[in-house]
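User: I've got this model open and want to check where some of the labels come from. Can you take me through them?

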Amino acid sequence: MGNHDEAGRRPKAREEAAMSLRAFFSTVVGGLVLLTMVSATLLVVLTTALERMASTLSESVEGVRQAEELEVDLLVHSRLLTSPGAPMVADPSRGRSPPQLEADLRRQMLEMHAIASTREERQAVAEVQQQVFAYLAAQHAPLGPGVSPAQHETSAMTSLNAALRSLERLIQINVDQAQEARQSASHWSEMADLLGLLLGLLLLTTLGLVVFWLRRFALRPVTALRSAMAGFGRGGRHLRAPEEGPLEIRDMARTFNEMADNVEDVLEQQRAFVADASHQLRNPLAALLLRIELLALELPEGSEEIAAV
């Protein structure tokens, strides 16, 4: 009965603070789902950023290529007009005539304007177009009165140098954009490595906590319950299971303890009943034997009554 009273006085605070296995695994699964969603979101953001930087880098490289090609075509055009009969070591014109070169210059400037991605780059391309058109206009300007061929050539070369300076500025803008995109890509790569390391550590920590919780708060109470049940079956009627761990295991331990208390109460009642019955049977029998002995003393020896008793 003392064990039953002690079980009735067990604190309720620990029971209220306990977590069920269903709630625990629901929390763990929810945390893993949240971690997966965060990882997927970060991966999408990282991929988008790297794709944007790769696009910027590709556009910058293409802008540099077109600007350099435009420079070469301008120089070849100037060489063909100023020295039409002079031989060239290499033929950058690829057999094109000055009108064909001019058509290619206009086409290249339209392509450069189409791939310009920033406001500064578009302004530089507009300046290049203005300077190139000024150069072509100076080349095709007729010789006026009082204007010598040398002056005409000097005016054309001045416009050409201005166009080449504008192209160099445009090339520098594209190079700066490419370097900035490369630095940003390196920064995002380092951030991705750090985030991957943190997520990996977080995942390992979560798994470690799950294993620790299962070992400390789930498996140990199950082992204690099994030991108490085995000991009770071997005759240890005083053994009880500790009511700790998840709610499901606590309910099992409480049920076992209540069953053990009931069995012990029944056994105590049986022992009390047997002791009382033995006592009740023992007293009348002793009195009956005493009376028989007294009667035997009163009867004469050899009496048939004595022999029958």
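User: What makes the reach of α5 close to the expected one?

Analyst: α5 has 22 residues and spans 32 Å from its first C-alpha to its last, against an expected 32 Å at 1.5 Å a residue. The expected span is 1.5 Å times one less than the number of residues. Helices here are DSSP runs (H or I, at least four residues), numbered from the N terminus. Keep in mind that this is a predicted model: local features need pLDDT of at least 70, side-chain atom pairs count only at pLDDT 80 or more, and totals for chains, interfaces and linings use all residues. Residues are numbered from 1 along each chain as its sequence is written, and side-chain values use heavy atoms, with hydrogens and water left out.

User: Why does Gln129 count as buried?

Analyst: Buried means under 20% relative accessible area (1.4 Å probe, protein chains only). Gln129 comes in at 19%, so it counts as buried. Gln129 sits in helix α5, residues 119-140.

User: How do you know that the side chain of Gln129 reaches Met109?

Analyst: The Gln129 side chain is 3.3 Å from the backbone oxygen of Met109. Gln129 also touches Leu110 and His113, leaving out residues up to four places away in sequence; contact means heavy atoms within 4.5 Å.

User: And why is Ala67 called buried?

Analyst: Ala67 has 0% relative accessibility, so buried it is. Ala67 belongs to helix α3, residues 21-82. Beyond its neighbours within four places in sequence, Ala67 contacts Met112, Leu167, Leu170 and Ile171.

User: What do the buried residues of α5 pack against?

Analyst: They pack against α3, α4 (98-115) and α6 (149-233).

How values were computed: Helix = DSSP H or I, 4+ residues; strand = E, 2+ residues; numbered from the N terminus. Buried < 20%, exposed > 50% of the residue type's maximum accessible area, 1.4 Å probe, protein only. Polar contact = N/O pair within 3.5 Å; in protein donor to acceptor, adjacent residues only side chain to side chain.
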